[in-house]
Amino acid sequence: GLLLLLSIYIILNQINPNLLNLNAHLTPITITPPAGGGTPGWAVSPELNDPAFTDAGSTWTRLRNAGITRNKSECTAVAQTNCTSVGGLGEGAVNGLIALKNACDQVTPSRCAITVTGGTEWWLHGRGTAHRPGNSVVDLAPSPGLNNFLLGQGVTPTSGMQVTKNFARYTYETTGDNGVSTGPHWHVVY
């Protein structure tokens, strides 16, 4: 046993003598938000509950350039209310939203409003929500053009109605994951 321990010590000492240092001093890393407070590009990590820089700015630019809007500004901190985050939104949702906008515009040109009302701001959606960074889940505001594209001309959506279209599942809801009334919206899973 002593020979095994001595062998391990010699090998680790040859690789890196610091590996044998038992007085490890960890230096905390401090990440500060960009100047301006509400600058897009700042979101949070749900696992660590600490601020982490994400791709919110570039994601939002891609969505905006495709003609997609959102109802509120980007979230800048955990527990912030009155915000809609796209930071860390799954690539499936980003590409799916852009494809949805393009397909909907072909059916109802210039009348297909796609507005994101819920993204990756998990703290606003309740425990166990799928609205998290890395997931491809969004909420969309209903609009006449979007409703017509999903359901057909003149069909009015009702709570619980589901549609599968373009590799996504759309569920019409009037309450969110937390059971609180969030107003009518399409909950979309890509």
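Is Trp122 buried or exposed?

Guide: Happy to show you around, and please keep in mind that this is a predicted model. Trp122 is buried: its relative accessible area is 10%, and the limit for that word is under 20%. Trp123 has a relative accessible area of 21%, so this residue counts as partly exposed.

Now let us turn to the rings themselves. Two numbers describe a pair of aromatic rings: how far apart the centres are, and the angle of the planes. Searching the whole structure gives three aromatic pairs. In one of them, Trp122 and Trp123 have ring centres 4.8 Å apart, and because their planes stand at 85 degrees, the pair is edge-to-face.

Another edge-to-face pair joins Tyr172 and Trp186, with 5.1 Å from centre to centre and 70 degrees between the planes. Tyr172 belongs to strand 7 (residues 168–175) and Trp186 to strand 8 (residues 181–189), so this pair ties together parts that lie 14 residues apart in sequence. Tyr172 and Trp186 are both buried. Together with Tyr170, these two residues make up one aromatic cluster.

Aromatic rings here also have charged neighbours. Over the ring of Trp60 sits the charged end of Arg70, 4.2 Å from the ring centre. Phe149 has the charged end of Lys165 over its ring, 4.4 Å from the centre.

Note on methods
Residues numbered from 1 in each chain as written. Predicted model: local features only at pLDDT ≥ 70, side-chain atom pairs only at ≥ 80, totals over all residues. Heavy atoms only, no water. Phe/Tyr/Trp six-rings, centres within 6.5 Å; stacked < 30°, edge-to-face > 60°. Buried < 20%, exposed > 50% of the residue type's maximum accessible area, 1.4 Å probe, protein only. Helix = DSSP H or I, 4+ residues; strand = E, 2+ residues; numbered from the N terminus. Lys NZ or Arg CZ within 6 Å of the ring centre and 35° of its normal.
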